[in-house]
There are 2 protein chains.
Amino acid sequence: MADDPDGLLARARRLDAEDPLARYRDRFVINDPDTVYLDGNSLGRLPKATRDRLRQVIDVEWGVDLIRGWDRWIELGRQAGDVIGELVGAEPGEVTLSDSTSVNLYKLAAAAVAARPGRRVVLTDDDNFPTDQYLLQGLAEAGGLDLRVLPTDLDRGVRLADVRAALDGDVALVCLSHVAYRSGAVADLAGITAATHEAGALALWDLSHSAGSVPVGLGAAGVDLATGCTYKHLNGGPGAPAFLYVRRDLQAGLRQPIWGWFGQADQFSMAGRYEPADGIERFLVGTPGVLGGYAALEGARLSAEAGIEAIAAKARALTGYLIELADAWLVPLGFRLASPREDAHRGAHVTLHHGQAWQVCQALKEAGVIPDFRTPDRLRLGVAPLYTSFGELHVAMSRLRGIVSAGRHERFSTRRSRVT
Amino acid sequence: MADDPDGLLARARRLDAEDPLARYRDRFVINDPDTVYLDGNSLGRLPKATRDRLRQVIDVEWGVDLIRGWDRWIELGRQAGDVIGELVGAEPGEVTLSDSTSVNLYKLAAAAVAARPGRRVVLTDDDNFPTDQYLLQGLAEAGGLDLRVLPTDLDRGVRLADVRAALDGDVALVCLSHVAYRSGAVADLAGITAATHEAGALALWDLSHSAGSVPVGLGAAGVDLATGCTYKHLNGGPGAPAFLYVRRDLQAGLRQPIWGWFGQADQFSMAGRYEPADGIERFLVGTPGVLGGYAALEGARLSAEAGIEAIAAKARALTGYLIELADAWLVPLGFRLASPREDAHRGAHVTLHHGQAWQVCQALKEAGVIPDFRTPDRLRLGVAPLYTSFGELHVAMSRLRGIVSAGRHERFSTRRSRVT
């Protein structure tokens, strides 16, 4: 093709034609076909099933059933938890919806530290998401703990050897992100969990960027604790409740510090004394968000239907193709890859360094491509295997190449961002 | 009237005809006009404006704007907080939406105790809502505090004299409910807050049953801290986010223990070290629920439009009329009032003792009247001045009288409840 001298457009067309997940795009509300949305790992698109389910919940279950809706809503946490559990390799009854990722990190980290009396160190790394670091700082300050922060190559992610070297008999808890929010690097969850257990500590994983994008295998790796948001790859909508996981054999022995009535053994006895529930419910606190919860359920169902292995395979293909385009078109313009190059080490986004990444971001948005900026110089491009096509990536990267070649990003001067 | 020997139906008709809030009923989705809904203090009805706003948020702001929706959503907490603030007597910037009531109680109580070093007592009463008691038990156990629980006449509510007698120089925090969830008794918020301050302690009020039903006057009373749910009298929908209040001059000096990125001074700097925001935002934690938040906003707006004084006046008239009906029809059948008789001491619900209250509740639901049961022998009847009519109360109490006169509740045998 005359307008495809490097054959990359033809490749996109072939990959789209062969894509077994292509039909899932039609399951989403897409009113803006000219926009290339590469920020589904901040906020996933709206599934049509979610739109319909929310109308039912609002108009009928709230509007007509009123308080009787709780006969159904009370099951929602476990119901959605079991679907998410399937995606992250957990058993039924090990996952539920609850609060925000941040509040869950607090509850789980506090419970873990309390379960390792005498050990005073919490281990994390400097590539962990800010809220995780803040939460651990707060816990450390309140509990007289030592927060050990591993320095990490932010383009490569945390390494097992470095974690192993930092583990000793003082460590109560290791808290890390499975897929790094900057680079998309996938940590060695199984290896790090095993090393953590060898040292007698507990492992708490933040799955915000991995749930719904890569297989997690919580059960196979024997992970102790995990949490993550549902509004990224699970397409649960803005501010939807987070999920939390506690390995079944640990549930009865752990106590979390925020004692609310949804964690009480017999909630409606209105008893005077708190007695935690037996199962995963002991990690709940207050009345859960029902609208966001149903959105999380429907979003997760769509991913479960497609299957996490198929999703991850397409994510690898999409990000691999993105890297090909970047190598061919953007490296000559001053971009540099800020993500792992190996298939097995990438989640569902690719990040590029560029000295004017913020300005490039603004210009891209104007051109109908929605990426994300990560301080100080990163352009983050997320793919969503359920609705991103290879053709879209070709369009987006063509626009990006055009902008930077012509210097059209130069007129943006200040810098500001506001997303996850 | 032949079928109105005691003139109570004629009274209902006159009161409805004179009701300045009658037109607000049409602002709600009501598809079940034969149902008398007396549980709006567990879950308020669906406002039409909320249904429409949620469609906009889901279909356009999420579905089309996608991540750009956060430019608007980021303001939601304060926006809704200011409307709720107007209803509870707070200034702009003193209230925001956040988490659940339970999580907020934890954050605020922990911050208060930390602000009174050396004082080791938290004071509450046995009429406080269970989740409040559980939260305080957890904090007391973790922090080596003494939880002092005042015994209360559960039909009359907590009394200033009893609180005053229990206050001393060891008390760091007094945590009580403004309107009691069983009896609807209104506590002397201003008097108890003043006594708390005289003793050098901080006052934390749970406003779940008072926000949107009675004037609260947080600012006038100099209340330190407060929280409450939005799904009762504020009509915010199932599991909508709670609100929290911190008096402005206290905000900068208090530190809450759950350090998340929404409480960080410069959230998107992704800085390594937590620095709490200046204003009410320092009491936030993780990503807030957007759908529930907009429902809370629209619900609160409707109450603010009607005005809290008009709402409270109608609540007094409705509950007064309910007591009249109970005196005339139900006391002879073995019911006994479990709420204060004085207008000024009642919130927006009336509770009745009956030995078979649970069975009566089930029979009422079958007859199209939705009340609530409170263990062990209480029938709770909530009124919602924006949509409850006097005529409905006459219908509901007639049905109740008919059921109990004929013994139609006797066939229900077991006992179970599941609401707030």
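How many bridges join strand β10 of chain B to strand β13 of chain B, and in which direction do the two strands run? Select residues 349-353 and 378-382 of chain B: five bridges join β10 to β13, and the strands run antiparallel. This is a predicted model, in which local features need pLDDT of at least 70 and side-chain atom pairs count only at pLDDT 80 or more, while totals for chains, interfaces and linings use all residues. Residues are numbered from 1 along each chain as its sequence is written, chains are lettered from A in the order in which they are written, and side-chain values use heavy atoms, with hydrogens and water left out.

**The sheet of chain B**

Within this pair of strands, centre on His349(B), which stands opposite Gly382(B) in β13(B). Then widen the selection to the open sheet of four strands, whose order in chain B is β9-β10-β13-β12 with antiparallel pairing; strands here are DSSP runs of E of at least two residues, helices are runs of H or I of at least four, both numbered from the N terminus, and two strands pair if DSSP finds at least two bridges between them. At the edges of the sheet stand β9 (336-337) and β12 (372-374) of chain B, each with a single partner strand, so one side of each is left without a neighbour in the sheet.

Helix α13 (residues 357-366) of chain B lies across β12 and β13 of chain B, at about 40 degrees to β13(B). Contact means heavy atoms within 4.5 Å, and the angles, from 0 to 180 degrees, are taken between N-to-C directions of axes fitted to C-alpha atoms, for helices over the stretch in contact.

**The two chains together**

Now show both chains. Chain A can be laid on chain B with an RMSD of 0.0 Å by a turn of 180 degrees and a shift of 0.0 Å along the axis, superposing by least squares on C-alpha atoms of residues with pLDDT of at least 70 in both copies. That is the relation of a two-fold axis. The contact takes 79 residues from chain A and 78 residues from chain B.

Finally, select Arg55(B) and Asp59(A), whose side chains meet in a salt bridge (2.8 Å, N to O), the term requiring a side-chain nitrogen of Lys or Arg within 4 Å of a carboxyl oxygen of Asp or Glu. Across the interface of chain A and chain B, the rule finds four salt bridges.
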